[in-house]
Amino acid sequence: MWDLILNPFVTILAWLYAALNQDIVLAIVVLTVIIRFLTYPLLAKQQESSRKMQQIQPQLKKLQEKYKNDKEKLSQAQMKLYKENKVNPVGGCFPMVIQFPILIGLYQAIFFALAATPFQLVDLSERLLIPGLDSLIPLQRMWTPIPQLAGLLPELDLTLAPTENPHYSLILPLLVLVTTWAQQKLTMATTGQKTAKKDDDDDDDGKPAGGQAQMMKSMTTIMPIMFGFFSLSFSVGLSVYFVASNLIGIIQYSPQGRNVLDKLFGKKQTDEAPVEIVLEPDEPVKKPRKRRKKKPRKK
């Protein structure tokens, strides 16, 4: 089942390698650009859904406060709010579910293409779907970042980790860390997380909320460090993929990049204000009127 995604990616990567003068790094970058470009409509849909959810957060909090003791009425009011604002609560998850196997397949394709052992080379040749591409195996795994300094700068082995390559390759994990951090910051700005952070700073009792905003802040700090640390043990070729993917993500999340991509995909920019629902006041309990006793008329 997984081979249905993996094998086409490996084949396309090998074909790009042949078409781009057997430059495996350039082939990795071009394939990453193609995949990120083709999956942009899913990313845009996910961003739009997240943005709408952030816009209606204040109204959701009002509903939760009003109907905190009545879950049924709360559910009905929330569904009405979603319907009025055309928001799907799980709309941001579905595009992510589709993107995830595609991006993992791309990652695995690069891993298999950079075959280092005889077993991996045989496995790579069996995954190529176009006849004749197996003649390219093994793919060139030595790479010089600056061709003009080929004689002075030692080559990098793309199948080895930065710690097993010349010392200057340690800049790659640093680039992974910086580009991951920049992409996370742009993601938060694009989906409206800054507004959410401002709204969630204080609860009704004046104490720090520490909810969604705190979680997003932690993600922005932890994820870049985690990916940078992992890149020390990943192969250099995979670090190149992470840097390229992050740079493309930064372009996609930037306002200028989104405008260009939206025009290419024919998507119109819409910044509609959320539809507000007027909360009906709770009806007071009517007390039964006391009947007055009629006084007997004087004759």
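The model is a predicted one, in which local features need pLDDT of at least 70 and side-chain atom pairs count only at pLDDT 80 or more, while totals for chains, interfaces and linings use all residues. Residues are numbered from 1 along each chain as its sequence is written, and side-chain values use heavy atoms, with hydrogens and water left out.

To start with the big picture, the chain holds 12 helices and two strands; here helices (H or I, at least four residues) and strands (E, at least two) are DSSP runs, numbered from the N terminus. Read from the N terminus, the order of elements is α-α-α-α-α-α-α-β-β-α-α-α-α-α. Of the 299 residues, 37% are buried, meaning under 20% relative accessible area with a 1.4 Å probe, protein chains only. Contact means heavy atoms within 4.5 Å. Taking contacts between residues at least 6 apart in sequence, 69% link residues at least 24 apart.

Now for the helix pairs. Two packed helices are described by the angle between their axes and the distance between the axes. Axes are lines fitted to C-alpha atoms, for helices over the stretch in contact, and angles run from 0 to 180 degrees between N-to-C directions. Helix 3 (residues 40-55) and helix 4 (residues 57-66) have axes that come within 4 Å and cross at roughly 50°. That makes helix 3 and helix 4 oblique to each other, the label for whatever is left once under 35 degrees is called roughly parallel, over 145 roughly antiparallel and 65 to 115 roughly perpendicular. On the helix 3 side, M53, Q54 and Q55 meet Q57, P58 and L60 of helix 4.

Further along, helix 11 (residues 236-253) packs against helix 12 (residues 255-264) at about 80°, with axes 4 Å apart. Helix 11 and helix 12 are therefore roughly perpendicular. Here I251, Q252 and Y253 from helix 11 meet P255, G257, R258 and L261 from helix 12.

Leaving aside neighbours within four places in sequence, Y40 is in contact with Q252, R258, L261, D262 and F265. Y40 and D262 sit 222 residues apart in sequence, yet their C-alpha atoms are 9.2 Å apart in space.

How values were computed:
Buried < 20%, exposed > 50% of the residue type's maximum accessible area, 1.4 Å probe, protein only.
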